[in-house]
Amino acid sequence: MQRRNRLVIIPAFNEAGCIVDTIEDIRQNAPSFDYVVINDCSRDDTGELCEKYHYNVVNLPINSGIGAAVQTGYMYAKRYGYEYAIQVDGDGQHDASFLEEMADIMEDSDINMLIGSRFIKKEGFQSSNLRRLGIKYFTFLIKVLTGKVVTDPTSGMRMVDREVIKIFADDYPKDYPEPETAVSIIKRGLKIKEIPVRMKERQAGVSSISFKRSIYYMIKVSLACVMAAFGVK
Amino acid sequence: MSGTLQAVVAIFAIVALMYIGNLVRTKRLELKYALVWFAVGTMLLIFDLAPGILQWLTNLLGIALPINMLFFLGFGFVLLIILTQTVVISNLTRKTKRLTQEVALLHRRIDNIKSREEETKEIIESIQKPDVGIAYYVDSEEP
């Protein structure tokens, strides 16, 4: 496999429905990127599909959760010396055509983390009202904790440089990492910037944040943000 | 507390301590985690053999009955043990996760090396075939 300096991390758990589309999308629309699929012990055909098409897949032998899967991707990025890494979910919610643009912006600046925000230009899939309220709350919380404004703190579309790759490879939250890691990156004195992106509605699968779990999400992530603000190791 | 009860509790505590000691000796219980259990057993034995200490402590805290003091202490110990265990579990979870990730990455690496090896083999074989028209000597001796 030819090595480039940009990596797409695709965590996949039971994503047989759209893993192929996701990867083909990346191959076509983000040709300067390598990719790695982290198959978190899927029970469907995700693993078989990856083998069949000879995709670059890392199979976790035990189901370890989304956080551990993504972290494995960052470990991979660190080990093979990638300059930039971005996580793209296996459900096809993100648009691969933004990847090149994001990487180019990062190459031309000293930003450590670039977040694709849905709420700067307010284009594309905007999420439900209730969810947007939750997102606004986290924007507010992060503002209080760090003084910085992050308009889309729950965006999974975040490109990071070598320095943040190292941090994530060593320490990454178990679940719902986005707001928490934003706080810890800002607190470490690293640079965060947001650019407008458009997101699609998910093609298959269900959001990891069902209504039932949203209470857990709010409490856990709030606490995690506060911990991250006070506990930079 | 009656003499009989005192004797029964003392025997119970000693047997428990011996059992814990045996668990450690046969490596079924890590000494590090056994310490708190030893502490529980020893304290029980001390309070049993010298009831005055418990009585004194009970009066000091203004608790009506020594038995309530004992319950209180027992409860405190149980909480402590559970907390210790939660810490241990978190630690183990972290370690298992790291190992899982490491195994997965190593697997990928092995597969990559294997496929590269096969590619190399194919190339060598294609060179060795006579119809390719290249003279290729394996194990040719130095002139």
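A: A:R4 is partly exposed, at 32% relative accessible area. The side chain of A:R4 forms a salt bridge with that of A:D34, at 2.6 Å from N to O. The two lie 30 residues apart: A:R4 sits in the segment before strand 1 of chain A, and A:D34 belongs to strand 2 of chain A. A:D34 is buried, with 0% relative accessibility. A salt bridge here is a side-chain nitrogen of Lys or Arg within 4 Å of a carboxyl oxygen of Asp or Glu. Side chains of opposite charge can pair when their charged atoms come close.

The model is predicted: local features need pLDDT of at least 70, side-chain atom pairs count only at pLDDT 80 or more, totals for chains, interfaces and linings use all residues, and side-chain values use heavy atoms, without hydrogens and water. Residues are numbered from 1 along each chain as its sequence is written, while chains are lettered from A and ligands numbered from 1 in the order written.

Now to the strand that holds A:D34. Strand 2 of chain A covers residues 34-39, and six of its six residues are buried. Helices (H or I, at least four residues) and strands (E, at least two) are DSSP runs, numbered from the N terminus.

Next come the neighbours. Strand 2 of chain A pairs with strand 1 (residues 6-12) of chain A in the parallel sense, over six bridges. Pairing requires at least two DSSP bridges between the strands. A:D34 is the bridge partner of A:L7. Between strand 1 and strand 2 of chain A the chain passes through helix 1 (residues 19-29), in a right-handed β-α-β crossover. Right-handed means that, with the strands pointing away from the viewer, the path from the first strand over the helix to the second runs clockwise.

Strand 3 (residues 57-59) of chain A also runs parallel to strand 2 of chain A, joined by three bridges. A:V37 stands opposite A:V57 there.

One loop residue deserves a look. A:S42 lies between strand 2 and helix 2 of chain A. Is A:S42 buried or exposed? A:S42 is buried, at 15% relative accessible area. Its side chain reaches the backbone nitrogen of A:N14 at 2.8 Å. Beyond neighbours within four places in sequence, A:S42 is in contact (heavy atoms within 4.5 Å) with A:A12, A:F13 and A:N14.

Back to salt bridges. Another one joins the side chains of A:D110 and A:K191, at 2.8 Å from N to O. That pair is 81 residues apart. A:D110 is exposed, at 51% relative accessible area, whereas A:K191 is partly exposed at 44%. A network of salt bridges links A:R6, A:E100, A:D104 and A:E107. Between chain B and chain A the count is one. That salt bridge brings together the side chains of B:E102 and A:R79, at 2.5 Å from N to O.

Methods. Buried < 20%, exposed > 50% of the residue type's maximum accessible area, 1.4 Å probe, protein only. Polar contact = N/O pair within 3.5 Å; in protein donor to acceptor, adjacent residues only side chain to side chain.
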